[in-house]
Amino acid sequence: MILVDNALRRREENGNPIKVGLVGAGAMAEGLVNLIVNSVPGMTLSAISNRTLEKAGQRYRDAGVESFVETDSLQKIEERVADGKPVITTDHNLLCEADNLDVIVDLTGHVEFGAELAMKSFACGKDLVSLNAELDSALGSVLQHHARKAGVIYTLADGDQPGVEMNLYRYVKGLGVEPLVCGNIKGLQDERRDPTTQEGFAKQWKQNVNMVTSFADGSKVSMEQACVANATGMRVEQRGMLGGDYEGHVDDLCHNGRYDVDRLREMGGVVDYVVKMKPAPGVFVLGTCEDPIHQRYLKLYKMGDGPLYSFYAPYHLCYFEMPSSI
C-alpha cells in the first residue's frame, strides 16, 4: 500500500515537492488551489492557466498568495517554477511544455478543449489528473490508449463520484466479493431544470449555472456513470439507467426486488443511480459472494443474508480528495 501522507511528507522534507500545473480556474479551482497552497505538504501549485488571467490570479489571491506573475513565456514559467514562485498564463500549452512541472490537472469540464489538453500533455510526457467527467465519458478509453502509448498516466480524480466509485469497486473486489452494481446517489433530479431555474442556487454557491443545471437535470449523472461503465466493463439495464426516487437507505436495494443477481451477472454488472436515498450524496457498490465461509462471516459482521451486500461511501468531497490522486 502506498501511504500517500508519508510519501508527501518525505517529498516536503527532501525539498522536492510535486509541482502541479492547473488548467481551469472555476469553482473547483478555488478550493483546490487553497487546499494545495495551505494544507498539502510535499506539493506546490506552481502554475495556473485560464482563459482570463484575472480569474487565475484571483485563485491565488483567495489562497493568500500575492506574489505571482503573468507571462506567456515558456522560459519565464520554467524559471519561476524552479524558484518555487507561482505563475499564471493564458496558454495551457506552456504548462505541458514546461520541463519542471510534474503533472497537469484538468478542471475545465470541456470536451474538445480537454481532449486537446490531454493529447498535448501526453505528447510532452506529462501525467494528467482530470476532474473532467464530460471528457472522460466521451473519450476516456481513447485517451487512456494514447496515455499508455506515451508511457504516462491519465486518470480521473478521486473526490468526484466516478473516482470514489472506482475506489469502492476495487475495495469490494479485494474483499473477495463480486461487484454487480456501481451506483450514484443523488438528492435531486428534474429533467425540466434549466439555467433560469438554477440561477439562484448557482449564485449562492458561486458555481457555473450551466454546470449546476447539469447536476439537476440528469445529464451529469449520465456522464459520471458512463465513466464508471467504461472503466469496469459494466452496462446499463435500460437506456438512461433505472434511476428513480427511493426513500430509505441504500442497504434496502439489497432486498427490495430492484435487482436480480442472475440478471446482473448475465450483463457483467450494471451502473445505476438513485434519487433521495440515504446516505446522499454518496456512492455505492452492491456485490455478491457465493463462498459459504465468507457468507457466514459477512452475516456475522452485520452485512445481511445476501445474496447482495451493500458497500457505500456516504459522501464525495470533490477537490478535497484530489491531492491523493495527484
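## Stop one: the largest pocket

Start with the largest pocket, whose volume is about 1,700 Å³. Keep in mind that this is a predicted model. To find the middle of the pocket, select Ala-27, Met-28, Gln-207, Met-211 and Phe-215, which lie nearest its centre among 49 lining residues. Now colour H2, helix H3 (53-62), helix H10 (209-217) and H11: these are the elements that give two or more residues to the lining. H10 supplies the largest share, with six residues. Colour the lining by class and you get 20 nonpolar, 19 polar and 10 charged residues.

## Stop two: the sheet

Switch to cartoon and look for the open sheet of seven strands, paired in parallel and ordered E3-E4-E2-E1-E5-E6-E7. Strands E3 (69-70) and E7 (154-156) stand at the edges with a single partner strand each, so one side of each has no neighbour in the sheet.

Next, pick strand E1 (residues 18-23) and strand E5 (residues 103-106), a parallel pair joined over four bridges. Which residue of E5 is the bridge partner of Gly-21? Select Ile-104 to see it. Then bring back helix H2 (residues 27-39), which packs on the sheet and touches E1, strand E2 (43-49) and E5. The direction of H2 makes about 145° with that of E2.

## Stop three: two packed helices

Select helix H8 (residues 161-174) and helix H11 (residues 219-232), which pack at an angle of about 35° with their axes 9 Å apart. Their crossing is right-handed. On the H8 side, show Gln-161, Pro-162, Glu-165, Met-166 and Tyr-169; on the H11 side, show Glu-224, Gln-225, Cys-227, Val-228, Ala-231 and Thr-232. Together these make up a contact of six nonpolar, three polar and two charged residues.

## Stop four: the second largest pocket

Of its 22 lining residues, Gln-144, Thr-155, Leu-156, Met-166 and Arg-170 lie nearest the centre. The lining divides into nine nonpolar, nine polar and four charged residues.

Technical notes
Residues numbered from 1 in each chain as written. Predicted model: local features only at pLDDT ≥ 70, side-chain atom pairs only at ≥ 80, totals over all residues. Heavy atoms only, no water. Pairing = 2+ DSSP bridges. Contact = heavy atoms within 4.5 Å. Axes fitted to C-alpha atoms, helices over the stretch in contact; angles between N-to-C directions. Left-handed = near helix turned anticlockwise from the far one by under 90°. Nonpolar A, V, L, I, M, F, W, Y, C, P; charged D, E, K, R; others polar. 1 Å grid on protein atoms, 1.4 Å probe; cavity = no way out; pocket = protein on both sides within 12 Å on 5 of 7 lines; lining within 4 Å. Points joined across faces, edges and corners; volume = space filled by probe spheres on them.
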